[in-house]
Amino acid sequence: MTAYKKALVLENLRLAYWTASKYKNCGIELEELQGVALVGLVEAADKYIPTKSSFSTFAVRVISNEIMERLRRERKHLGTVSLDEAVSYTHLTLPTKLEV
């Protein structure tokens, strides 16, 4: 990463955190959203073309798209069961007497 791109990322950290905070009530922890936002910020710095638009306008779109992609992946696996998690059988009711 060039010095210019590093400067863009460092100067716009608050923008990434602010963009992540807009999605804080979507079911993912804020710290994770901020991490995804930082990935989006670095991606925006890599793809930014100065002659097209301001960096902040471009970065907010890229960061938001990155967060939305993460939310879509999270919702896709919402109803699945992990093999690493313990299974709870508290919702099952067994008959007290078995008929033969």
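Predicted model: local features only at pLDDT ≥ 70, side-chain atom pairs only at ≥ 80, totals over all residues.

Me: Why is isoleucine 63 called buried?

Reply: Buried means under 20% relative accessible area. Isoleucine 63 has 0% relative accessibility, so it counts as buried. This residue sits in helix α4.

Me: What does isoleucine 63 touch, leaving out residues up to four places away in sequence?

Reply: Isoleucine 63 touches Ala16, Thr19, Ala37, Gly40 and Leu41. Take Ala16 from that list. Isoleucine 63 and alanine 16 are 47 residues apart along the chain, yet their C-alpha atoms are separated by 6.9 Å.

Me: Why is glutamine 34 called partly exposed?

Reply: Buried is under 20%, exposed is over 50%, and partly exposed lies in between. Glutamine 34 has a relative accessible area of 22%, so it is partly exposed. Its place is helix α3. Beyond residues up to four places away in sequence, glutamine 34 touches Tyr17 and Ala20. Leucine 13 is 21 residues from glutamine 34 in sequence and 9.7 Å from it in space, C-alpha to C-alpha.

Me: Is asparagine 12 buried or exposed, and how do you know that?

Reply: The relative accessible area of asparagine 12 is 14%. The cut-off for buried is under 20%. Asparagine 12 is therefore buried. It lies in the loop between α1 and α2. Its contacts, not counting residues up to four places away in sequence, are Leu41 and Phe55.

Me: What makes a set of residues a nonpolar core, and which members of the largest one touch the most other members?

Reply: The members must be buried, belong to the listed nonpolar types and be joined through side-chain atoms within 4.5 Å. The largest nonpolar core here has 20 residues. Leu33, Ala37, Leu41, Phe55, Ala59, Ile63 and Ile67 touch the most other members. Two or more residues come from each of α1 (3-11), α2 (13-21), α3 (30-47) and α4 (55-76). In soluble globular proteins, nonpolar side chains tend to be buried together.

Me: What does leucine 33 touch?

Reply: Leaving out residues up to four places away in sequence, leucine 33 touches Ala20, Tyr23, Lys24, Ile28 and Ile67.

Me: Which residues meet where α2 packs on α4?

Reply: From α2 come Leu15, Ala16, Thr19 and Ala20. From α4 come Ser56, Ala59, Val60, Ile63, Ser64 and Ile67. By class, this contact has 7 nonpolar, 3 polar and no charged residues.

Me: Why are α2 and α3 also called oblique?

Reply: The axes cross at roughly 130° and come within 8 Å. Roughly perpendicular ends at 115 degrees, and roughly antiparallel needs over 145. The angle of roughly 130° lies between those limits. So α2 and α3 are oblique to each other. Their crossing is right-handed.

Me: Which residues make the contact of α2 with α3?

Reply: Leu13, Ala16, Tyr17, Ala20 and Ser21 in α2 meet Leu30, Leu33, Gln34, Ala37, Leu38 and Leu41 in α3. They divide into 9 nonpolar, 2 polar and no charged.

Me: How do α1 and α3 pack, by angle and distance?

Reply: The angle is about 140°, with the axes 9 Å apart. This crossing is right-handed. On the α1 side are Lys5, Leu8 and Val9; on the α3 side are Leu41, Val42, Ala45 and Asp46. The residues of this contact divide into 5 nonpolar, no polar and 2 charged.

Me: What share of contacts joins residues at least 24 apart?

Reply: Among contacts between residues at least 6 apart in sequence, the share is 61%.

Conventions
Residues numbered from 1 in each chain as written. Heavy atoms only, no water. Buried < 20%, exposed > 50% of the residue type's maximum accessible area, 1.4 Å probe, protein only. Helix = DSSP H or I, 4+ residues; strand = E, 2+ residues; numbered from the N terminus. Contact = heavy atoms within 4.5 Å. Nonpolar A, V, L, I, M, F, W, Y, C, P; charged D, E, K, R; others polar. Axes fitted to C-alpha atoms, helices over the stretch in contact; angles between N-to-C directions. Left-handed = near helix turned anticlockwise from the far one by under 90°. Parallel < 35°, antiparallel > 145°, perpendicular 65-115°, else oblique.
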